[in-house]
Structures are given as C-alpha cells and as structure tokens.
There are 4 protein chains.
Amino acid sequence: MRTAQVFRLSMAHPGDLSELERLIVSETIRAADVTAIIGKTEGNGGVNDFTRGYFTQTLMALLSRHLNKPAEQLIREIPCVLSGGTEGVMSPHYSVFCVSDAKGTQAQRSALAIGTAFSAPVAAEDVGRRAHVDSVAKAVREAVANAGIERSDDVHFVQVKCPCVTVARAAAAIAAGKTPLTADPNRSMAFARAAGAFGVALGLEEIKPDSFADASLLSDFSVQSPRASISSGVEIESNEVVVLGNSPQWTGRLRISHRPMIDALDIGAVVDVLADVGIAADPQVAAADAGRIATVLVKCEPDRRGRIRGNRHTMLDDTDINAQRHIRGAVGGLVAGVIGDGRIFVSGGAEHQGPDGGGLIAVIASQQRGSA
Amino acid sequence: MRTAQVFRLSMAHPGDLSELERLIVSETIRAADVTAIIGKTEGNGGVNDFTRGYFTQTLMALLSRHLNKPAEQLIREIPCVLSGGTEGVMSPHYSVFCVSDAKGTQAQRSALAIGTAFSAPVAAEDVGRRAHVDSVAKAVREAVANAGIERSDDVHFVQVKCPCVTVARAAAAIAAGKTPLTADPNRSMAFARAAGAFGVALGLEEIKPDSFADASLLSDFSVQSPRASISSGVEIESNEVVVLGNSPQWTGRLRISHRPMIDALDIGAVVDVLADVGIAADPQVAAADAGRIATVLVKCEPDRRGRIRGNRHTMLDDTDINAQRHIRGAVGGLVAGVIGDGRIFVSGGAEHQGPDGGGLIAVIASQQRGSA
Amino acid sequence: MRTAQVFRLSMAHPGDLSELERLIVSETIRAADVTAIIGKTEGNGGVNDFTRGYFTQTLMALLSRHLNKPAEQLIREIPCVLSGGTEGVMSPHYSVFCVSDAKGTQAQRSALAIGTAFSAPVAAEDVGRRAHVDSVAKAVREAVANAGIERSDDVHFVQVKCPCVTVARAAAAIAAGKTPLTADPNRSMAFARAAGAFGVALGLEEIKPDSFADASLLSDFSVQSPRASISSGVEIESNEVVVLGNSPQWTGRLRISHRPMIDALDIGAVVDVLADVGIAADPQVAAADAGRIATVLVKCEPDRRGRIRGNRHTMLDDTDINAQRHIRGAVGGLVAGVIGDGRIFVSGGAEHQGPDGGGLIAVIASQQRGSA
Amino acid sequence: MRTAQVFRLSMAHPGDLSELERLIVSETIRAADVTAIIGKTEGNGGVNDFTRGYFTQTLMALLSRHLNKPAEQLIREIPCVLSGGTEGVMSPHYSVFCVSDAKGTQAQRSALAIGTAFSAPVAAEDVGRRAHVDSVAKAVREAVANAGIERSDDVHFVQVKCPCVTVARAAAAIAAGKTPLTADPNRSMAFARAAGAFGVALGLEEIKPDSFADASLLSDFSVQSPRASISSGVEIESNEVVVLGNSPQWTGRLRISHRPMIDALDIGAVVDVLADVGIAADPQVAAADAGRIATVLVKCEPDRRGRIRGNRHTMLDDTDINAQRHIRGAVGGLVAGVIGDGRIFVSGGAEHQGPDGGGLIAVIASQQRGSA
C-alpha cells in the first residue's frame with residue numbers, strides 16, 4: 001500500500017524554499033518521496049509573472065542536490081503547479097505532496113491517493129484547440145491509473161498546468177507558417193485553461209469526444225468539469241497533471257472532498273466541503289480543528305455576464321487591475337475567513353471549471369480517529 | 001418625532017443617479033428629505049479617483065433642479081460621503097438617508113437616528129494635525145446633537161469625510177510659507193483619516209484632549225474608535241460628518257448596530273452584528289431576510305505588521321496594486337459572502353478605526369414586527 | 001470667410017473648466033464660437049475611465065449656462081473628444097477650437113479649416129462592423145463639406161470618437177437577440193477604433209468599399225489611414241467627427257500639417273512635421289517658437305509583433321499596466337522632449353491609423369509673417 | 001595594462017541568460033573576465049519585483065558552472081545591478097562588463113576603466129542613515145582605487161545597488177529592539193537610494209562629512225551627485241558598487257561620458273553626451289553609428305513639485321501606476337527615440353542623483369580610429 005502526506009509550507013519570497021530544505025535535511029521529508037507541488041506565489045498571475053519560474057528553478061535545484069539527478073530531468077517528472085497572485089489576505093505558500101510505501105492491507109476505508117503525469121509538449125499552434133484537449137485527456141487518464149483510483153467518482157480534484165503562447169512564441173509559430181489561435185498572451189492563457197478543462201472532462205468521461213468542437217472552448221459554458229482546476233503559464237511547454245482522490249489502495253488519515261461553487265458568494269459550498277471531511281465552520285473553523293486541514297484548493301472566475309446575483313460588478317471593466325486578480329482577492333477573502341487562515345490556493349481563470357461564474361473548492365483534511 | 005429611511009440604489013456608472021431621480025419623480029423620495037449619501041463608486045479610491053467628484057457633481061445638480069437651490073449651497077448642506085473602489089464582488093451603489101417628520105410619541109424602543117454636520121475648511125497645513133482633529137471633534141458633537149442622540153453608547157457609526165492635500169495644494173501651501181505635514185498625497189490621505197478617527201474618539205469622549213499629541217497619529221495605534229469610519233479625498237476642503245445611532249426620539253422599523261473586526265478574517269464580527277439586528281447568517285443570510293438589510297458599512301485595513309494570524313500577506317509590498325485596493329477586495333469578498341449581496345460599503349484606510357489591522361462593521365436593518 | 005482659433009488650456013482635474021470659463025467671461029472666447037474640444041484627461045484611457053464623462057458633463061453645463069441651450073442639445077452639436085491617460089510627462093489639457101466669421105476675400109494662402117459632424121447612434125451589435133464603418137465614413141464626408149475643404153489632400157487630421165460596448169451593453173444586446181462582436185469591453189474599444197479608421201479611409205476615398213470585409217478589421221493592417229485618429233469610449237453612442245485641414249476659404253495665421261510615424265522611435269517624423277509648419281527643433285523647439293505651437297496631436301500603438309526595430313518590448317505581456325498606457329507614456333516622452341512641453345495629445349490605440357506599430361503626428365502652428 | 005569590454009545582451013525573460021552562455025561557450029567571453037553586470041529586467045521595479053532575484057540566481061548558477069566556484073561566493077564578488085521595469089519601448093537586456101589584461105604601455109589617451117567593490121551588510125536599522133552613507137562612501141573609494149582612476153574628474157558613473165527593508169525585515173528589526181527609519185518598503189527604497197547618492201558624493205569628495213545630517217536625506221535636494229546612479233532592492237544586504245570612468249592606465253576603444261539632465265524633457269543632455277563620445281544625433285543616431293554605442297545609462301525622477309516646466313504632471317497622484325514606472329516610461333521613450341534603440345538602462349528613483357526633478361545620462365561608446 002501507499003500513503004500520501006501533504007506539507008503546507010510558507011515562503012518569504014518566490015525563491016525561498018528554505019522550509020522544504022529544512023524538512024529534507026531533518027529527514028522529515030525524503031526528497032525521493034516528493035511527488036508534486038501545488039502553490040501560490042506572489043506574482044500577478046499573468047503572462048509576465050516570473051515568480052512561478054523563479055520558484056520552480058529554485059525547487060528543482062534543491063531537489064537536484066538532494067537526489068543527485070539533473071534539474072532538467074526532475075522538471076519533467078515532478079509537477080510543480082504554481083498559481084501567481086496572493087491578492088488580499090492570501091499568504092504565499094506551497095503544498096508538498098509526498099508518497100511513500102506503507103505497511104498494511106486493504107483499508108477499511110479509503111485514503112488520499114495521488115497520481116501524476118506529463119504530456120508531450122504542446123505546439124504553439126495547438127494551444128487551445130482539440131489537439132490540446134486530447135493531450136490533456138490522455139495525461140489525465142495516465143494520472144488516474146497512476147494513482148490507482150478505480151472509480152471515477154473517487155477523483156476529487158484534477159490540477160492541470162497548461163502551456164500558452166507569448167507574443168514571441170506566437171510570432172515564431174506564424175513565421176513557421178503555423179496559425180496560433182491568438183497572439184494575445186492573455187487570451188491564449190484563457191484558451192489554454194479551457195482546453196485543460198475540456199481535457200479533464202474528457203479524461204474523466206464527463207463528456208464525450210464528439211460532444212464538442214474547437215469553437216466550444218470559451219463559448220459553450222454548459223461544458224464544465226466540477227473537478228478540473230487549470231492554470232496556465234508561459235514557463236512550460238507540456239501539460240502537467242496531478243490527480244487527487246480517495247482510494248482503498250491507500251492508507252493514512254487524509255481524505256479529500258470537493259464541491260462546486262455556484263458563484264463568488266457561495267459560502268455554503270465552503271462550509272459543505274469542510275463538513276464532507278468532518279470539520280465544522282460556525283462561522284469559522286475552530287482553532288482545534290484548523291490543524292487538521294492539510295490544504296484548500298479553490299478555482300474562481302469573474303462572472304462574464306457582469307453581474308453577481310443581479311448586482312453589477314466592475315471586474316471586467318477595470319483597465320487598472322486584471323479581472324483575475326480581482327476575483328482571486330474576493331474569493332480568497334471569503335474562503336480564508338471561513339477557514340481562519342490565508343494559506344489557501346485560490347486560482348482564477350475557472351472557465352469551464354465548475355458552474356459558469358463560479359468555480360469549485362476542494363479540501364484535504366486529516367480524519368479524526370473513530371470517525372466514519 | 002422624526003423617522004429615517006434608507007434607500008440603497010445601484011448605478012450604471014459614477015454619473016448615473018437615474019434611480020434616485022426616478023424615486024424623486026415618482027414621489028417615493030421627497031428631495032427635501034435627503035439628508036446624507038454614503039456610497040461606493042468604481043474608482044481606485046486614491047488621490048486620482050475622480051468618480052467621487054463626478055458622482056457628487058451629478059447628485060448636486062439633480063437635487064438643485066428638484067429643490068431650486070444652487071448646487072454650491074447644497075454641497076455644503078448634504079454630506080455626500082463616497083468611497084472609491086468596488087474591488088472584487090462589490091457592486092457600485094449608494095445609500096440615500098432621508099429624514100422626515102412622523103407622528104407619534106416617545107417610542108417603546110429606539111429607532112435609527114441620523115445627524116449631520118460640516119466643519120469649516122481645513123487648511124492644507126492643518127491636515128493630519130491637532131487642528132484637524134479638533135475640527136472633526138467639534139463637527140461630531142454637532143452631528144450627535146443634531147441627531148438627538150442623548151447617550152453616547154447609542155452612537156453606532158460616525159462617518160467622516162476629511163480633506164487631504166494634493167501635490168498642487170501642498171506646493172501652494174509651501175509657497176505661502178506654510179509647512180504641510182507631507183506633500184505626498186497618499187500619505188496625506190492616511191494622516192487625514194487618522195485625524196478623523198482621533199476627532200471621532202475625541203468627540204465621543206472615548207479619549208481625552210491631553211491623551212495624545214500630533215505624533216500619535218499613524219503612530220500610537222492603541223488610540224482607536226470602534227465607531228469611526230473615515231474617508232479622505234481631494235475633492236473637499238471641509239470635514240463632512242454623518243452620525244448614525246439609535247434614539248427613542250425617532251420612530252420607524254430601522255435600527256443600527258456595530259462590531260469591531262479584530263482582523264480581516266473576522267467572520268464572527270459579521271455574523272454577530274447581523275444577530276444584533278435580528279438576522280441570522282448560517283452560513284449566509286436567507287433570501288427572506290436579505291430584504292430587511294438596509295445598508296452594510298465596513299472599514300478595513302491591511303495589517304501593517306505584514307502578517308495576519310501569523311501568516312505573511314503581500315499587500316504592503318505590492319507596487320502594482322495599492323494596499324487599500326487589496327484589503328477592500330478581500331474583506332468585501334468575506335462580508336458579501338455572508339450577506340449574499342455585493343452592495344456593501346467597504347472602505348479601506350481604517351487607521352485608528354477599530355482594532356489595529358482590523359476595522360469595524362455596522363449594519364442597519366429593519367426589525368421584524370414583535371421583535372424585542 | 002471664416003477663421004479658426006485654438007486655445008490650449010490646462011486643468012487642475014477633470015471637472016475643472018475654470019480656464020475656459022475665465023476666457024468666456026473676459027470675452028476672449030465667445031461661447032457660441034466653440035466648435036469642438038480635443039483634450040487629454042488624467043484617467044486610465046480604458047473602459048472604466050470616467051474622467052471623460054466628468055469633463056464632458058462639466059463642459060456642457062458651462063456652455064449651457066452661457067448659451068442658454070440645454071446641455072442635452074449641446075452634447076449632440078459640439079464634439080468633445082477626450083483621450084484618457086496622461087502617463088509620464090504629459091499634462092492634462094484641452095484644446096478649444098473656435099470658429100468665427102472674418103472679413104476678407106480669398107486668401108493668398110490657405111489657413112486652418114475645421115468641420116464637425118455627428119452620426120446617428122451605433123447599435124451595440126454594429127460596433128466594429130461594416131455598418132459602423134459606413135456610419136463613420138458618412139460623417140467624415142459631412143465634416144469635410146462642413147469645413148469647406150475642397151481637395152482631399154488638404155485634410156490633415158480626422159479625429160473620430162467612436163462608441164463601444166460595456167459588459168452591460170453587450171449583455172443587453174444579447175438579451176435582445178443581437179450578436180455583438182464581443183462582450184469584452186477592451187476588445188470592443190479596439191474594434192471600434194478599427195471601424196473608425198476604416199471609416200475615415202473610406203470617407204477620404206483612401207480605400208474603396210469593396211476592398212475590405214468585416215474580417216479585415218484588426219486583421220489586415222495594410223489598410224490604414226495616416227490621417228485618422230480614433231478614440232473610443234463607453235460614454236457616447238454616436239460617432240463624433242472633427243476634420244482639420246487647410247483651406248483657402250479660411251483666413252488666419254494657423255496652419256496644420258501631419259506625418260506618419262513609422263514606429264514608436266520615429267523622432268524624425270516629429271522634427272519633420274514641425275518643419276512643415278516652419279518650426280525648427282534642434283534638438284528642441286526654441287522657447288521663442290514654442291508659443292507658436294497651438295496644439296500637437298499624436299496617435300501611437302504598441303507594436304503587436306512584440307518587437308521594435310528588432311528588440312523585444314514587454315508592453316503586450318504586462319498584466320499590471322495596460323499596453324496603451326505603456327505606449328502613450330513612451331511616445332509622449334519622446335514628443336514632449338522635442339517640443340519641450342507636456343501639453344500634447346497622445347492617444348493610444350492607433351490600429352489602422354498610420355503604419356502598423358507606429359501612428360501619426362499632426363501639428364497646428366501659427367505662421368510667422370512673411371513666411372511662405 | 002587592462003582593457004574593458006562591454007557586451008549588451010538581450011533576454012527572453014528574466015531567467016534567460018542564454019546569450020551569455022553562448023558567448024562563454026564560444027569563448028568570445030572568458031567567464032573569469034566577467035566583472036560586473038548592469039541590466040534591465042521586466043519587473044515592476046518595486047519591492048515585490050522578483051525578476052532581479054531570478055536573473056541573479058540564474059546568472060550566478062551559470063558562472064558557477066563555468067568557474068567552478070560556488071554561487072554563494074560569486075554573488076559577493078561580482079556586482080549584478082539590475083533595475084526592474086522596462087516600461088514603454090525599453091527592451092530587457094543586460095550589459096556584461098569584462099576586464100582582461102592587455103599588452104601595451106601608457107596610452108596616449110585614456111580608455112574605459114572599471115572598478116567594483118562590496119560593502120559589509122547594512123543592518124535594517126541603518127538603512128537610509130549616516131551609517132549607510134558612510135558604508136557606501138567607503139565602497140566607492142575602494143572601487144575607484146580598484147579601477148586605477150587617479151583624477152576624480154575621470155569618474156563618470158557610479159552605480160550602487162543598496163539594500164532596503166521589507167515589511168518583514170523591518171518587523172524583525174523592531175522585534176530586536178531596533179528602530180528602522182521606516183517600515184514602509186517603498187519609502188525604505190527611497191531612503192536607501194538617497195543614502196547611496198550621499199555616499200557617492202562623499203566618496204568622490206563632492207560633499208564633506210559635516211555638510212549634511214541624517215535629516216538631509218530626501219529633504220535637502222541641493223545635495224546631489226551628477227555621477228551617482230542608485231538602485232535599491234530587497235534581494236541584497238550589502239551595497240554593491242561599480243565605478244566607470246576613463247583612465248590612461250587602461251587601453252581599448254571604449255570611452256565614457258556623462259551629463260546631468262535638468263528635467264525629464266532635457267533632450268539636449270542626450271544629444272550632448274552623445275557628442276562627447278563623438279556620435280551625432282540629428283535628430284537620431286545614424287544606423288552606421290548605432291553599433292558604436294556600447295551602453296546607455298540613465299537616471300530619472302518624477303518632479304516632486306508636481307510640475308515640469310510649469311505644466312502639471314500626474315505621476316505622483318496616480319494610485320494605479322507607480323510614479324517611478326511613469327517616469328521610466330517617459331524618459332525611456334525620449335532617450336530611445338534619440339538613440340534609435342530600446343536597449344537602454346533607464347532607472348527611476350534619482351533622488352539626489354543629478355538636478356532635482358531631472359537626473360543624468362552616461363554613454364559608453366567605441367571611438368573611431370583617429371578621433372581625438
């Protein structure tokens with residue numbers, strides 16, 4: 001059997017991996033067990049957010065020293081999914097997912113299971129198109145198999161980091177006679193996220209291959225996966241996939257659950273997903289329970305129709321602050337208030353990820369002894 | 001006896017007062033009853049936020065037409081307190097406070113009471129100094145008297161809009177041989193807010209005149225008024241004060257309550273202040289009760305120590321987004337999530353207004369018949 | 001014969017028209033002569049820039065008082081073309097174009113001529129499409145006729161302000177069964193500017209009606225008018241057109257010239273256009289000549305290919321600062337440095353207005369006696 | 001004798017040192033000759049600009065591989081002075097300064113000379129105070145001696161990178177009983193730059209030790225060094241100094257000159273400094289001469305009085321865009337227009353560096369054979 005551990009660590013800046021280093025040096029974490037990283041860095045979350053690349057470079061150099069493997073190899077083996085932007089009360093942090101063998105036989109109840117996969121590189125001209133969707137779907141299936149999750153319902157969160165184009169990459173593709181979907185990097189990021197969401201839905205068999213066309217992406221918002229969490233960044237060329245679920249083939253006290261958020265005010269989803277993992281929030285998680293929460297993962301989106309429950313919002317009309325920064329700050333404020341902790345992963349750009357104008361929330365928490 | 005009404009209206013842009021015009025034309029509102037306005041416009045909330053001036057110009061022209069008084073006079077009679085910045089899920093809106101005579105005798109229980117006052121103009125060199133504090137305190141006392149509130153404890157919210165200096169006004173003062181506290185407009189806004197908070201504390205006798213010095217402003221954060229809400233803007237030269245409380249001399253179903261917020265994650269204060277006015281939030285205000293809420297007023301502040309409950313936040317280190325925009329977005333997300341409505345007044349710059357790093361929340365709501 | 005005058009006035013904020021008021025009161029300007037306004041306000045130049053609306057409301061109220069006409073009528077008679085964003089060294093200002101009758105017969109040489117026109121309102125679903133182009137072209141022809149300019153070559157600058165859609169307007173159109181080109185306001189502004197440029201090119205017969213399709217807008221950048229200057233804003237519904245040129249039917253010392261700018265570094269175009277109107281810049285306009293410059297009008301554009309003369313720029317990849325704000329600041333710095341004055345009109349969004357990645361510059365200056 | 005070379009290289013992103021790597025691999029550059037780096041990265045130039053740290057980490061890892069020295073040692077031997085922010089037309093790039101031995105005897109004329117030095121770490125409570133000034137002055141003297149420049153007049157540019165405090169560092173100092181000058185990171189950066197400028201002036205004997213007090217920093221702007229260029233960043237703890245001048249002890253075709261800029265419109269200074277090194281700009285440097293320019297170094301500053309040549313600017317009142325980003329964009333546009341190239345180093349924050357409200361420009365260029 002395998003067992004998963006999650007270490008949620010803070011950083012002083014995007015190049016600060018000192019907490020992880022300390023845990024490796026003190027042998028609390030075996031470097032070889034590090035399977036994936038999901039984190040929030042303090043950039044702007046946009047095309048010119050280099051905090052992701054800085055963190056990744058620092059992480060891979062650190063693991064390279066401890067594993068005696070080249071960083072170039074590790075970067076293709078260990079998904080490092082970072083979302084830039086810790087607007088408002090969010091605190092920069094990263095969750096280190098570790099997997100190790102554990103004694104024991106088939107558990108009475110299932111425990112947190114993790115699987116990862118990398119796709120082949122996605123060409124600039126494929127970004128945001130069916131080839132991209134298929135590439136994601138294939139990697140999702142591999143990661144589910146890798147996690148040993150047998151029932152599709154036991155998958156609760158699929159994080160994908162998708163490549164997008166910069167102005168330079170688009171220009172190079174055009175020069176090579178290719179036709180990228182767009183040369184606008186912010187639009188490319190949005191299409192890449194859509195492709196990722198369609199890929200998750202396809203990989204989990206929530207939709208069928210013939211049920212959508214290229215034109216459905218960023219257009220038919222009835223297509224959605226409530227378990228897909230997609231980021232996009234300029235610093236990668238392949239899709240990176242992390243599947244999180246529960247499986248009786250794994251042991252340990254951690255379990256995961258998820259809920260769709262119907263809109264940015266859906267505090268009910270936050271309370272409900274906590275209840276799913278046995279934690280009360282009335283109105284805030286009690287200090288005694290806070291330590292049981294291993295990580296909180298949220299996707300959100302400024303409602304494209306310009307209104308939330310009938311009232312006009314201004315996120316999409318703001319030339320000064322990017323709409324994704326707006327929504328991350330607001331939803332981060334809500335979720336952090338319920339949890340009582342700013343170390344939450346709130347990522348914008350939830351197109352096709354949960355209900356239109358909303359998103360999703362997943363929580364991994366440690367179960368109390370004796371709980372069902 | 002008097003009675004107060006509050007109309008919470010939406011706007012399509014900062015120059016759109018069409019909802020108010022409609023209510024005046026339809027005789028739902030008597031123009032002569034309009035006593036004060038408190039609203040959120042969609043600017044950046046900073047020195048160069050002209051949405052406040054635009055709204056005010058439009059409002060005064062509208063009232064001028066209906067009252068046959070010059071706008072120049074009205075602007076010195078009717079406080080129009082606007083906070084720029086509807087970050088995240090907040091919706092641009094304004095609350096119109098109307099006062100009219102009502103039949104009846106001393107009520108069994110007190111009802112919402114409103115008083116207003118204007119100070120003399122504050123010279124550029126006085127902004128953020130004791131002369132400014134005294135000027136605010138005097139106006140607060142006038143407004144309390146004007147409201148007919150007899151017990152200091154019955155004052156629940158004192159909104160003050162304070163003038164600050166621009167680069168141009170500071171330069172003019174210096175040219176005239178004066179010494180403004182600062183020529184930096186953003187710092188001037190902060191000092192002006194501090195002077196307003198000290199002025200409220202002094203006016204409500206929460207502090208004594210000899211208990212502080214000029215140097216205490218923005219420095220000794222043990223001085224705080226949990227009932228002060230201060231905005232600052234370049235478009236005014238006098239302090240404008242609106243006092244809100246409960247008084248047995250007023251009648252009607254509206255009541256107000258307030259709570260300090262200990263930090264930006266203090267969801268408990270939100271739930272508690274709602275309970276004070278008889279509304280449950282479990283976790284969100286039910287649709288049936290939402291209509292009873294007349295207005296929600298919040299002040300908040302990025303914790304200057306750089307941490308919230310021990311975790312580093314990045315608001316103060318962000319060169320791209322002003323820290324006040326960050327915190328408004330986050331606290332707005334939290335409060336709107338509990339209320340289920342983005343039409344809330346969340347204003348940043350809560351220096352000395354409530355606990356350090358936190359702020360305060362006040363709610364005006366209609367009482368159910370038969371409630372205590 | 002007619003004569004044109006241009007008054008370049010400063011403002012302390014977007015609602016400050018005091019300099020114009022003073023000139024009207026002192027009878028330097030007859031209010032009835034005011035024909036058009038072109039100005040720079042200190043907003044962000046984007047969808048949520050309300051400095052334009054604020055200025056316009058203040059201007060129309062001012063003229064209304066002096067002309068005894070309702071502001072609602074004046075706003076449909078006097079083009080008020082404002083470009084938001086005074087990045088860097090630019091100074092907020094507005095140029096008031098006045099036209100009056102003058103004695104005299106056909107001049108030996110031509111002088112500055114002005115014509116204006118308003119189109120019918122453009123429906124949200126027409127913005128950025130051929131109906132929009134045709135609407136602009138028609139208004140351009142009317143304005144040229146109105147200016148009495150007979151030779152197309154004598155037209156030097158055509159300023160058009162085009163309506164665009166907000167999220168709300170797009171949603172309303174969709175609800176009405178219409179299909180707006182886009183619901184993204186920033187994209188709508190770009191398409192509106194493209195429609196304006198095509199409209200000018202069509203109106204001046206630089207292109208033929210059958211030489212382009214809807215898909216050419218923002219796509220075929222070989223279509224360009226070196227005399228078109230297009231702004232777009234949410235606050236208008238009709239196209240507003242101001243044609244500036246030289247005509248022997250006009251008298252006075254002012255003349256206009258224009259030059260295309262090949263890219264954002266094209267200082268040669270600045271020096272050349274000044275030479276066209278008889279002013280040397282070596283390297284800067286001498287103080288003695290500076291007073292002869294009546295107004296400077298510039299359009300510019302961040303090169304969409306991501307490079308300027310082979311070197312990568314970062315304007316299009318910046319999530320924090322809008323690309324138009326970047327380019328206005330840079331080109332404003334260059335032109336202001338040559339002129340020695342920050343009171344220049346530099347407007348971004350030069351799609352199809354001058355060479356791709358560049359733009360255009362026009363200068364109106366007073367001719368010295370005896371000059372050819 | 002020694003000879004200096006300057007390689008101006010482009011980067012695709014802040015972690016891209018591939019051009020340097022290629023030159024080292026091809027043996028165009030000997031890694032051991034690399035003496036200093038001065039570059040522009042595409043961050044925001046503020047406290048939370050991590051592009052500087054990312055570039056530095058990548059550079060030191062690269063040199064470490066080629067020199068077989070630990071990166072931790074190199075970072076204390078090779079100044080890497082980066083200014084974040086390539087607003088407008090500026091192109092991200094870095095200049096690599098290499099020093100090697102050269103045959104020859106005392107030259108007829110002097111050539112570019114380079115010296116570097118590192119100070120001891122500056123404590124958080126010393127930042128922006130006399131201890132900081134003295135620390136810089138001492139390092140400047142060491143770097144001048146190191147460069148072998150004998151006449152103070154032959155020093156043309158002194159680049160210093162000064163540490164500043166973050167919220168976290170300030171809090172740590174306060175917790176340790178120290179009193180940092182400010183806990184506001186943006187103000188700390190400004191004080192650090194002032195300390196650097198005073199340090200250069202002191203080190204070059206432009207001012208005397210008893211001619212200023214702590215309170216003079218950011219207050220007495222008559223103190224200024226026209227040769228000081230100071231950056232500040234959170235990622236360093238010591239002052240790093242690079243002195244550039246001309247010396248007869250050095251050989252080669254490169255020479256440096258500098259000029260003060262009286263304000264942000266001082267195009268004359270740009271043309272004059274080019275003339276100093278034998279290059280004409282009429283109005284732009286000819287393509288044939290452009291290749292002779294090795295690097296261009298500029299400091300600039302938004303005029304704190306709020307006006308440029310009498311006209312109001314809006315840089316200091318803008319809550320959306322930091323004033324330093326504004327001024328870099330504008331001055332960058334002007335200088336790049338004269339040079340015809342966006343690869344220029346334009347750094348904001350020129351307090352006490354050149355005339356108040358202005359700054360300075362230095363150019364290193366290759367001399368033509370036979371030129372005096």
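Two copies of a chain are superposed here by least squares on the C-alpha atoms of residues with pLDDT of at least 70 in both. Keep that in mind while looking at this model, which is predicted, since the tour opens with a pair of copies.

**Stop one: chains A and B together.** Select chain A and chain B and colour them separately. A rotation of 180°, with 0.0 Å of shift along its axis, superposes chain B on chain A with an RMSD of 0.0 Å, and that is the relation of a two-fold axis. To find where the axis passes, select B:Leu334, whose C-alpha is the one in chain B nearest the axis, at 1.9 Å from it. Both copies use the same surface for this meeting, as 100% of the contact residues of chain B recur in chain A.

**Stop two: the interface.** Now show the residues where the two chains touch, which number 43 from chain B and 43 from chain A. Between them the chains bury about 3100 Å², and 55% of this is on carbon and sulfur atoms. Four salt bridges are counted between chain B and chain A; to view one of them, select A:Asp318 and B:Arg325, whose side chains meet with 3.4 Å from N to O. Across the same interface there are 22 residue pairs in polar contact, both residues being at pLDDT 80 or more.

Which elements of chain B supply at least two residues each to the side that touches chain A? They are helix 7 (267–276), strand 13 (311–312) and helix 9 (323–339), and the largest share, 10 residues, comes from helix 9 of chain B. If you colour this side of chain B by class, you will find 18 nonpolar, 16 polar and nine charged residues.

**Stop three: helix 7 of chain B.** Select residues 267–276 of chain B, the span of helix 7. This helix is mostly covered, with seven of its 10 residues buried: B:Ile267, B:Gly268, B:Ala269, B:Val270, B:Val271, B:Val273 and B:Leu274. What lies over these buried residues?

**Stop four: A:Asp263.** Move to chain A and select A:Asp263, which sits in the loop between strand 10 (254–261) and helix 7 of that chain. Is A:Asp263 buried or exposed? Its relative accessible area is 11%, and buried means under 20%, so A:Asp263 is buried. Show its side chain and look for two partners: a polar atom of that side chain lies 2.9 Å from the backbone nitrogen of A:Leu265, and the side chain also makes a polar contact with the side chain of A:Arg309, at 2.8 Å. Leaving aside neighbours within four places in sequence, A:Asp263 is in contact with A:Ile308, A:Arg309, A:Gly357 and A:Gly358.

**Stop five: chains C and D.** Finally, select chain C and chain D. A rotation of 180° with 0.0 Å of shift along its axis superposes chain D on chain C, with an RMSD of 0.0 Å. In chain D, the C-alpha nearest the axis belongs to D:Leu334, at 1.9 Å from it, and 100% of the contact residues of chain D recur in chain C, so that the same surface serves both copies.

Key
Residues numbered from 1 in each chain as written. Chains lettered and ligands numbered in written order. Heavy atoms only, no water. Contact = heavy atoms within 4.5 Å. Buried area = accessible area lost by both parts, 1.4 Å probe. Polar contact = N/O pair within 3.5 Å; in protein donor to acceptor, adjacent residues only side chain to side chain. Helix = DSSP H or I, 4+ residues; strand = E, 2+ residues; numbered from the N terminus. Nonpolar A, V, L, I, M, F, W, Y, C, P; charged D, E, K, R; others polar. Buried < 20%, exposed > 50% of the residue type's maximum accessible area, 1.4 Å probe, protein only.
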